[in-house]
Amino acid sequence: MNNVLMVFLVFVLLIMLILNYINITRLRNLEGLKTDIEKRYNGALTNASEVLWEWDLETGNFFATEKWRELMYDDIPKYMEISYIDRSHINPEDRERVKNDTTAYIYGKADCLRIEFRVTHQDGKEIWVLCKGQAIRDAIRQTPILSGSIIDITEFKKAEEQVKFLAYYDTLTKLPNRTHFMERLKEEITGASIKNSSLALLFIDLDNFKNVNDTLGHNYGDELLKQISGKIRSILRNEDIACRLGGDEFLIMLTNLQDNSYIIKCAEEALQILNNMYEINDKQVYISGSIGIAIYPKDSIDPNGLLKNADAAMYKAKEAGKNKYIFFNEYMLKGLERKTKIEGILRSSIKNNELKVYYQPQYDIKTGAIIGIEALLRLNSKELGPVSPAEFIPIAEESGTIVELGKWCLRKACEKNVYLKRKGLKFGCISVNISAIQLQHNDLINVINEILDEVGLEPKFLEIELTESVLMKSMDSNINLLNELKNIGIKVALDDFGTGYSSLNYLRKIPLDKLKIDRSFITDLTSVTKNQEICEGIIQMAHNLGLQVVAEGVEKKSQLEILKEKQCDSVQGFLYSIPLADDELEEVLQANMEYLEKNKMTKKHAFKYTALYSRMSQLKEKEAEV
Ligand code: C2E
Ligand code: CA
Ligand code: CA
């Protein structure tokens, strides 16, 4: 029995030993596992891209992961207190905010701890970090434990700055953009209303900037805008703001004004710096500017109202001859409203059937026969009634609709030409006015060719009229274009001659057929002897160059007599005919045919016409030889 007991006890002991061994091994394994996890955990914390931290507010004990050294550029403190912020590398400008936000959260005055601040490293490198935290509060502990993270948000901030810059600044000139400026204007208006002071808005538009872009290219235009922006900024005080509104338009805001003296000083200085020669890549560019000024609260108390009024004043400055500044007054608005209305009307004038072409015949001064017809656009608006071309053409040019209207007029005139010729009526060419804007469009030749083709008109029956100022602007490219037109067989007339600044030297180089003496010389022809001399000079010079001369705006017989004496070739004016609608033109041309037949001039007329042009080409050839 004892033996059995002994064996049993040994067996139990053995079992216990085995179990113990198993347990120890398991525990050892567990221990190993635990150190493994810890190691991995520590590794993860050390390599994490963010700092993890914990701060016991009661004891001040502080723990942070290794990344702290890199992001906070500092050792990890064992204890943390608010005053640590002042000794840290946190940007001094951000310290107060960091302290306030942290304290507010600790005392339960803020819902969350979320602070963005800058940390400056010794080498000057600055990074942006985001610190987030959360308090663990319980009923027993009076003060909570804070824990949270810190991450590097420098790249994000850079992107944010970039987006902000794009949204608030003009990338070319680095000046504030319209959005930014208008926000500031709103703020400044609020400030001025509290302080009872006034502020001024200067609307600047460069004169003839388009020419720089068109003749020298956009790179030059951009460079010019950059230089001008710098100069505008240089005349302002720190508190004044300049912005680029877009294109060649700038705004200046002058604040804290007691009277107009500073505004005038600024406007004069701005004109002075604008009206200047700029040197761009070894090329010299001349430019000037027009300025409109509106004042808060006199002219408007609202930002958009001020802008609109300054714009209206600027428009007046342009009208008054450019390179000027003009203060807004309320009468200007009426003009601007009408302009905007006409702009809208023009856009749909073709579709709405509000546009017509009228035709004014030109007469041979000796025979009285019709030798040409000028096509003139007429706008009869359903809303405004008839609007003069002198008013709507500049608006169409400014808004760009002239391209579409001009093309429409050209097509109508060519169609009319073919229609009248098919009826056997004789009148030479129909001439069509071409604006500078159309000339700058690269496809003008294609447009003309297309219309001639579609309509079936011989190019020799089409004449285009260009004004001097248009031609002189980009002389070389225009001469090329005119040569192309001449090669096709189209005739070219120089319109409003004497009002521009044609150099006579250039006149030799331009391939022309006709000179049209401007109406202003004809109006006072009988009373002003100087005008007679000018007309005589123009006619002689034109004949020497092989050009035909048309006098425009002939209203009186006395004018006609002087022009005859001075050997002018042809006349156009109310004395003979006003611009005519379709059916009236046909009647006049029929009467002209009868007149030609009655005087047996049909052949002679035709002969005279060709003879004149052949005389011109002979002279041109001679000129070329010289
Ligand atoms: P413009 O090319 O010099 O046209 C001649 C202008 O003188 C016309 O004015 C015509 O009606 C006017 N006129 C003709 N004879 C007399 C006269 O004896 N006395 C007076 N006081 N005026 C006379 P309109 O039709 O009002 O056109 C004004 C300007 O508008 C034109 O001057 C031209 O520059 C522009 N224009 C007219 N139609 C077109 C067009 O289709 N395209 C372009 N680009 N401009 C056009
Ligand atoms: Ca004309
Ligand atoms: Ca003219």
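## Ligand 1 and its polar contacts

In this predicted model, Glu374 places a polar side-chain atom 3.2 Å from an oxygen atom of ligand 1, and Asn433 likewise has a polar side-chain atom 3.2 Å from an oxygen atom of the ligand. Arg519 has a polar side-chain atom 2.9 Å from a nitrogen atom of ligand 1; a polar contact here is a pair of N or O atoms within 3.5 Å. The protein covers 83% of the 790 Å² of accessible area that ligand 1 has on its own, an area computed by the Shrake-Rupley method with a 1.4 Å probe.

## The shell around the ligand

Strand E13 (370-381) gives two or more residues to the shell around ligand 1, as do helix H12 (389-399) and strand E17 (491-497). Helices (at least four residues) and strands (at least two) are DSSP runs, numbered from the N terminus. E13 gives the most, with four residues.

## The nonpolar cores

The largest nonpolar core has 87 residues, and those with the most contacts inside it are Leu462 and Leu563. Such a core joins buried nonpolar residues (under 20% relative accessible area, 1.4 Å probe) through side-chain atoms within 4.5 Å. Helix H13 (residues 402-422) supplies the largest share of this core, nine residues. Apart from this core lies another, of 34 residues, including Leu175 and Phe250.

Residues are numbered from 1 along each chain, chains are lettered from A and ligands numbered from 1 in the order in which they are written. Local features need pLDDT of at least 70 and side-chain atom pairs pLDDT 80 or more, while totals for chains, interfaces and linings use all residues, and side-chain values use heavy atoms, leaving out hydrogens and water.

Technical notes: Polar contact = N/O pair within 3.5 Å; in protein donor to acceptor, adjacent residues only side chain to side chain. Buried < 20%, exposed > 50% of the residue type's maximum accessible area, 1.4 Å probe, protein only.
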